[in-house]
Amino acid sequence: MQKQYSLKELEKKANEIRQDIIKMLVVAGSGHSAGPLGMADIFTALYFKVLRHDPKRPNWKERDRLILSNGHICPVRYTAMAHAGYFSKNWLSTFRTIGSKLEGHPSFKKISALETTSGPLGEGLSEACGFALAAKIDKATYHIWCLLSDGEHQEGMTWEAAMLASKYRLNNLTCIIDRNNIQIDGYTEDIMPLEPLREKYEAFGWHVIDMNGHDIQEIISTLEEAKAVAEKPVCIIAHTIPGKGVSFMEKDYKWHGVPPGTDIPGEPPKAEQAKIALRELRTLQGKIESELD
Amino acid sequence: MNYYFAKHYLNETKVEWKPMRDGAGIGMAELGETKKDMVVLGADTTESSRAHYFAQKFPERFIQVGVAEQNMIGIAAGLSYQGKVPYAVTYAAFLIGRPWEPIRTTIAYPERHVVFVSSHAGLATGPDGPTHQMTEDIAITRCLPGFTVIAPCDFEQARKAVKAAYSLKGPVYIRNCREKTPVFTTDKTPFEVGKAQILREGKDVTVIGHGYMVYWLLQIAEELKKKISIEVINLHTIKPLDGKTILQSTKKTKRVFCAEDHNVIGGMGSAVAEFLSETYPVPMKLHGVYDTFAESGSVKDLWKKYGLDKEGTKKVLLEFLKKV
């Protein structure tokens, strides 16, 4: 039986996950900061509330499938999975090192509960369609969730999959787009504009819902709503703040692909970054005075 | 010799000519009867790549992705994670060339059991021209870890190969041509993935081929039998390479001639050369498409111009033998 978490507990869990993301990135000395922090609330809602899953039986046939297309945000998935009990939290400090199961980008060969291997962008939605088609053939009842970045919608393959999901009426598939507006080289709308994203998905035949990606209650209700849509695949556009919870990282594309401890002009000194980040998270950016050191 | 050849197989006017793509297509439709977890994916080339035999019989297990080969690969990966055995079917250039990186990431690296069945491999594609004449597919599949690469010699072998692929592990590529070529084996001829076939024993030179080229090699061996004793190997499985058979033959003949409808860079000949250079270096000649894009034309004209017909191949072989 899955533990029932209160909203407060889920919020606390998301914060712990953010702190562990910072710690694992600092130890690894490389990896992505902004996306994982921005998606911590959604991963918390998924692993601790919405997903039909059992960390003790990762190959359970009736489990929901969670496919992470933008593999580079794996620090948040690894951390959420460790907190959920898929593996020891000790693994987190081995991220990106030789012999570790926590590859720089998720590898199915290392951890089958990741469902797929990802990293190169634009491929996950196609794979999710394959999962959903197989589930249809088998008349299975579980749900397929596919997490995508906004930037990877610049890959044509994503739209090939969007067309097919609509053609085959894959109502057992929900994609969640991390609409954080940044990519490595800058802001998405400068690099290659994606808007109007909602209208594009609607034109492709999807049911689209906009969502605040940091309001856990709204996340849970939106994901439940998505499962209930019977006639179409569902696209949730999750509006998130990249780097959420760490003031100097928030909304700044320069933190897309680097860890705390990186020399960036105008940012805090690199030796101080992790300390500041963890302090801000612990105190909710100064709101909880009792947590101040 | 333990192999069963078709009647009058060396006489090209008496032997039946059929495309291997038909053998593959019919084989898949036959296999689907007993293998209920088999799913076939087509990409708008269903009839010309012969996936339609399966599609007509099992519409509920046929997925039409449209002109979107990258998507086809991702979907095949997804299906395989769910316990299905997907067969992705289209022209070699689009099946392997177009979506190579998705194949690498979503299928090869996570060791997915997906079967890639091509048509339109090699210059034997004909008038469609170089855009469609895929002559690099063996090179770019065999360099991916875990891939099995099979190039059947005729219709019957293609039919067997698609069935044998079902029981293998990891990704499998089966390379088929569009053109009708001689059906010189029969439905009873043995076929084992990874086991090269010595179709004719000889002692002076080992000639190795795949696809329809094997037929020319058999004819050449027969024509030259009074001058030279030629051992003919059908290397239908290019990866994993049957080093044992190649080594045994090479130790006997001390000369190796490879021929194929594929770029000489990275093809079967390269695979044999890589192996022999480390185990038993001997003089070799790699015959094939000499690092060029060809052109439109009838298959017979292309074979002639690019030296891939029997006469062209024989000429290169004789020149090689003169030198070594």
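**View 1. Strands β9 and β11 of chain B pair in the antiparallel sense.** The model shown here and in the other views is predicted. Three bridges join β9(B) to strand β11, which covers residues 230–234 of chain B. Within this region, Arg200(B) has Val232(B) of β11(B) as its bridge partner.

**View 2. Two helices of chain B pack on the sheet strands.** Helix α8, residues 213–223 of chain B, lies across β9, β10 (205–209), β11 and β13 (256–263) of chain B. The direction of α8(B) is at about 165 degrees to that of β11(B). Helix α12, residues 310–323 of chain B, touches β10, β13 and β14 of chain B. Between the directions of α12(B) and β14(B) the angle is about 160 degrees.

**View 3. Five strands of chain B form an open sheet.** The strand order in chain B is β9-β11-β10-β13-β14, and the pairing is mixed. The edges are taken by β9 (197–200) and β14 (284–289) of chain B. Each of these two has a single partner strand, so one side of each is left without a neighbour in the sheet. On average, neighbouring strands of the sheet are turned by 25 degrees against each other, with direction ignored.

**View 4. Chain B as a whole contains 12 helices and 14 strands.** The C-alpha atoms of chain B fill a box of roughly 55 × 40 × 40 Å along the principal axes. A compact globule of 324 residues would have a radius of gyration near 20 Å, and the 19 Å of chain B agrees with this. Of the 324 residues in chain B, 56% are buried. Among contacts in chain B with a separation of 6 or more, 79% are between residues 24 or more positions apart.

**View 5. Helices α1 and α3 of chain A cross at roughly 120 degrees.** Helix α1 spans residues 7–28 of chain A and helix α3 spans residues 40–50 of chain A. Their axes come within 9 Å. At this angle α1(A) and α3(A) are oblique to each other, and their crossing is right-handed. On the side of α1(A), the contact is made by Leu10(A), Lys13(A), Ala14(A), Ile17(A), Arg18(A) and Ile21(A). On the side of α3(A), the contact is made by Ala40(A), Asp41(A), Phe43(A), Thr44(A), Ala45(A), Phe48(A) and Lys49(A).

Terms used: Residues numbered from 1 in each chain as written. Chains lettered and ligands numbered in written order. Predicted model: local features only at pLDDT ≥ 70, side-chain atom pairs only at ≥ 80, totals over all residues. Pairing = 2+ DSSP bridges. Helix = DSSP H or I, 4+ residues; strand = E, 2+ residues; numbered from the N terminus. Axes fitted to C-alpha atoms, helices over the stretch in contact; angles between N-to-C directions. Contact = placed C-beta atoms within 7 Å. Rg over C-alpha atoms; globule rule 2.2 N^0.38 Å. Buried ≥ 20, exposed ≤ 12 C-beta atoms within 10 Å, placed from the backbone. Parallel < 35°, antiparallel > 145°, perpendicular 65-115°, else oblique. Left-handed = near helix turned anticlockwise from the far one by under 90°.
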